[in-house]
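Please open the model in the viewer and keep the sequence at hand.

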Amino acid sequence: MVKGYQSAEAILRELGENATKAAKDALADGAEIVMQEARNRCPVYKGNDHRVVKGALRDSIHTVKQKDGAKYKIVADAVSHDGIFYGKLVEFSPKINKPFMYPAMDARRDEVRNKIIDAVREAFRRK
C-alpha cells in the first residue's frame with residue numbers, strides 16, 4: 001500500500017461503519033419524532049372510571065432501544081389501578097376506537113425515512 005492511501009477494502013469498511021452509525025443515530029431521532037407525535041395524538045381519558053389516571057397513557061409513551069441498537073419500539077405501557085395495561089385496548093379496541101400509535105407512525109413515516117436517507121448520504125459525503 002502506498003503511504004497515505006487506504007486500501008479500497010479499508011475505505012469501504014469505514015464508509016460502511018460511518019453510514020451505519022449515521023443511520024442508527026437518525027433512527028433514534030426518528031423514534032423520538034414518532035413518540036412525540038403519538039403523545040400529541042393520544043387521547044386523554046375524560047371519564048369517571050376510578051381505575052384510570054387521566055393523562056397516564058399519554059405520559060407512559062416512551063421509546064425502547066432494542067439490544068442490537070438498530071431497532072426502536074415505541075410503547076404506551078400505562079397500567080390501571082387494577083393492573084390492566086390499557087394502551088393496546090385504546091389503540092386496537094373497536095369499542096374505544098381511538099388509535100394513536102399507528103396514525104403517529106403513518107404521519108411521520110416519510111419524515112423519518114428522509115432523515116435516515118439524508119444522514120447516510122451525508123456520511124458518504126464526509127468521507
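Helices are runs assigned by DSSP, at least four residues in length, and are numbered from the N terminus. The model shown here is predicted, and it holds ten salt bridges.

Begin with helix α1, residues 8–41, and select lysine 21 and aspartate 25; these residues are four apart, so about one helical turn separates them. Their side chains meet in a salt bridge, at 2.7 Å from N to O. Lysine 21 is exposed, with a relative accessible area of 52%, whereas aspartate 25 is partly exposed at 38%.

Next, select glutamate 37 and arginine 108, whose side chains form a salt bridge at 3.1 Å, N to O. Because glutamate 37 belongs to helix α1 and arginine 108 to helix α4, the pair ties together parts that lie 71 residues apart in sequence. Glutamate 37 is buried, at 11% relative accessible area, while arginine 108 is partly exposed at 25%.

Aspartate 110 is partly exposed at 46% relative accessibility, as is arginine 113 at 42%.

Finally, select Ile84, Leu89 and Ile96, a nonpolar surface patch with about 230 Å² of accessible area together. Isoleucine 96 is located in the loop between α3 (87–92) and α4 (101–126) and is partly exposed, at 37% relative accessible area.

Definitions and conventions:
Residues numbered from 1 in each chain as written. Predicted model: local features only at pLDDT ≥ 70, side-chain atom pairs only at ≥ 80, totals over all residues. Heavy atoms only, no water. Patch = residues over 30% accessible without salt bridge, like charges linked within 9 Å, V, L, I, M, F, W, Y side chains within 5 Å. Areas by Shrake-Rupley, 256 points an atom, 1.4 Å probe, with all protein chains shown as cover. Salt bridge = Lys/Arg side-chain N within 4 Å of Asp/Glu carboxyl O. Helix = DSSP H or I, 4+ residues; strand = E, 2+ residues; numbered from the N terminus. Buried < 20%, exposed > 50% of the residue type's maximum accessible area, 1.4 Å probe, protein only.
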